[in-house]
Structures are given as structure tokens and as C-alpha cells.
Amino acid sequence: MCLLCEMAGSELTRRHLIKTGGVLAGTAGALALAPFPVAAKEKEKPAPAPTPDEALRRLTAGNARYVANTSRNRDHSAGRAARARAQFPFAGIVSCADSRVSPEILFDQGPGELFIVRVAGNFVNDDGLASLEYGVKVLNIPLILVLGHTGCGAIGATIKTIQDGMQLPGHLPVLIDALKPGVEAAMARKPADLMAEATAENVRHNVRRLAAAEPILSPLAADGRVKIVGGVYDIATGKVVLL
């Protein structure tokens with residue numbers, strides 16, 4: 001006789017409560033010990049890695065959502081347990097340290113989706129290069145974007161240092177030296193908007209450096225397994241323009 005039938009029409013006694021509790025506890029225990037369904041396990045597997053072009057389309061689509069104020073990545077607690085086990089970023093970003101430039105936000109991507117190297121002036125030094133090599137070789141990132149931005153203080157300081165011979169304190173001269181190649185190339189062309197051209201040329205210079213970086217990035221970029229591109233983020237509009 002089923003338990004519910006046995007209890008129908010009778011007083012709910014302590015014996016019934018104990019018996020009911022035992023059945024429920026046994027059921028809960030069995031569920032706890034039972035293996036997860038195969039389908040649940042399959043959901044934890046990462047999606048196939050995107051191609052370089054697919055990864056770039058994901059970035060540009062995310063930036064379009066951000067510009068339109070329709071961003072969808074707002075629940076950063078979603079997937080937290082899965083991220084504790086592994087990461088599967090689909091793009092690497094070389095970004096400026098400027099507090100107004102947050103790649104996850106301006107590309108509308110959640111935690112674990114972008115592998116970011118940040119330094120004032122968004123240039124590539126040996127430490128940054130090693131980080132990107134790890135991202136490509138170990139995490140299978142198919143895309144690297146060097147991202148400059150409007151109103152970059154590091155670019156402005158480099159221009160002023162070259163033009164006026166300004167002396168900077170501390171370790172800032174090391175940063176200026178890293179930015180000089182791109183800035184000086186822009187200055188040689190005497191553009192109407194030196195700041196904008198220097199920002200773009202600094203991006204292009206670092207894209208070329210990454211594309212030529214041996215022994216890991218260069219061969220992968222040459223055969224198309226990794227795409228290396230540059231872009232400039234307009235802080236006022238939110239839009240990223242690819243170069």
C-alpha cells in the first residue's frame with residue numbers, strides 16, 4: 001500500500017512523520033549518490049573554438065550592443081562555478097591601463113571570455129608577449145586585438161616629450177621609449193591630427209611586432225590560425241574602429 005493511501009483519513013501521528021521523513025531522506029540520499037545524467041555533463045564541455053574571423057565577429061557584435069546600450073552580459077555570477085574549473089577565452093586583447101577602457105564592458109563579454117594584457121599606451125613588451133603566447137599556445141586563442149583609444153595620456157606624453165624635450169620622473173621614460181616608434185612614425189607624416197594618427201600608428205606598430213614575434217606567434221599568424229588586428233576605441237561614442 002502506498003504511503004499516502006495509508007495515511008488518508010487517519011490522524012497525522014508522530015509515527016507517520018518519522019516514516020515519511022525516512023522515505024524522503026532515503027530518496028534524497030539516493031538522488032545525492034546517483035550520477036549526473038550524461039546530458040548534464042555534456043553541457044559543461046566548452047563549445048568548439050571559433051575561427052579567427054568568428055572571434056572577430058563576436059567582438060564587433062558585442063561592441064555594437066554596447067554602443068546601442070543593449071549589453072546583455074550583466075549577471076557576472078552566471079557560470080562562476082564552471083569558471084573555477086577552467087577558462088576558455090576566445091580572444092586576447094592588448095589594452096591601455098586607462099580606467100575608462102574596460103574591454104569586457106565595451107565588447108559586452110562576460111568573465112572568462114577575454115584574455116587581457118593591460119599597460120599604459122597598449123604596447124607589447126616581453127612580459128605582455130609571453131602572456132599572449134600563453135593565451136595562444138595553451139588556451140588556443142584564435143584572435144589578438146591591439147586596442148588603442150582616444151585621448152590616451154601615454155601617447156600625449158610621448159608627443160610632448162619628443163616635441164618639447166620634457167623630462168619625466170621615475171620609470172615613465174621607459175614607457176615613453178616603448179611608445180616612441182609608433183609616435184615618431186606618425187610625426188614624420190605631419191598629419192593634421194597628430195594625436196589621432198599617433199594613437200593609430202602605435203596600434204599598427206604593435207600589431208606588426210606581434211605578427212613577427214618568434215617562435216610562437218609568427219608562424220601561427222602566417223598560416224591563418226591566429227589573426228592579429230588593431231583598433232581604436234572612441235571613449236565618447238563607445239565605438240571601436242578596426243584599422
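By nonpolar core I mean a set of buried Ala, Val, Leu, Ile, Met, Phe, Trp, Tyr and Cys residues joined through side-chain atoms within 4.5 Å; buried means under 20% relative accessible area, with a 1.4 Å probe and protein chains only.

A word on conventions. Because the model is predicted, local features need pLDDT of at least 70 and side-chain atom pairs count only at pLDDT 80 or more, while totals for chains, interfaces and linings use all residues. Residues are numbered from 1 along each chain as its sequence is written, and side-chain values use heavy atoms, with hydrogens and water left out.

What does Ile-144 touch, leaving aside its neighbours within four places in sequence? Its contacts (heavy atoms within 4.5 Å) include Gly-92, Val-94, Leu-132, Val-136, Leu-210 and Leu-217, as well as Lys-227, Ile-228 and Val-229.

I turn to the secondary structure. The protein has 11 helices and 5 strands, taken as DSSP runs numbered from the N terminus: H or I of at least four residues for helices, E of at least two for strands. The strands form an open sheet with mixed pairing in the order β2-β1-β3-β4-β5, where pairing requires at least two DSSP bridges. Its edge strands, β2 (114–118) and β5 (240–242), each pair on one side only. Strands β4 (residues 227–233) and β5 run antiparallel and are joined by 3 bridges; Val-232 has Val-241 as its bridge partner in β5.

Helix α7 (residues 126–137) lies across β1 (91–95), β2 and β3 (143–149), at about 170° to β2. Such angles run from 0 to 180 degrees between N-to-C directions, with axes fitted to C-alpha atoms, for helices over the stretch in contact.

Finally, helix α4 (residues 52–67). Why does its length agree with expectation? At 1.5 Å a residue, taken times one less than the number of residues, its 16 residues should span 22 Å, and the end C-alpha atoms are 23 Å apart. Its buried residues are Pro-52, Ala-55, Leu-56, Leu-59, Gly-62, Asn-63 and Arg-65. Their cover includes α6 (103–106) together with β1, β2, β3, β4 and β5. Just after α4, Asn-69 adopts a positive phi of about 60°.

Definitions and conventions:
Buried means under 20% relative accessible area, exposed over 50%, partly exposed in between (1.4 Å probe, protein chains only).
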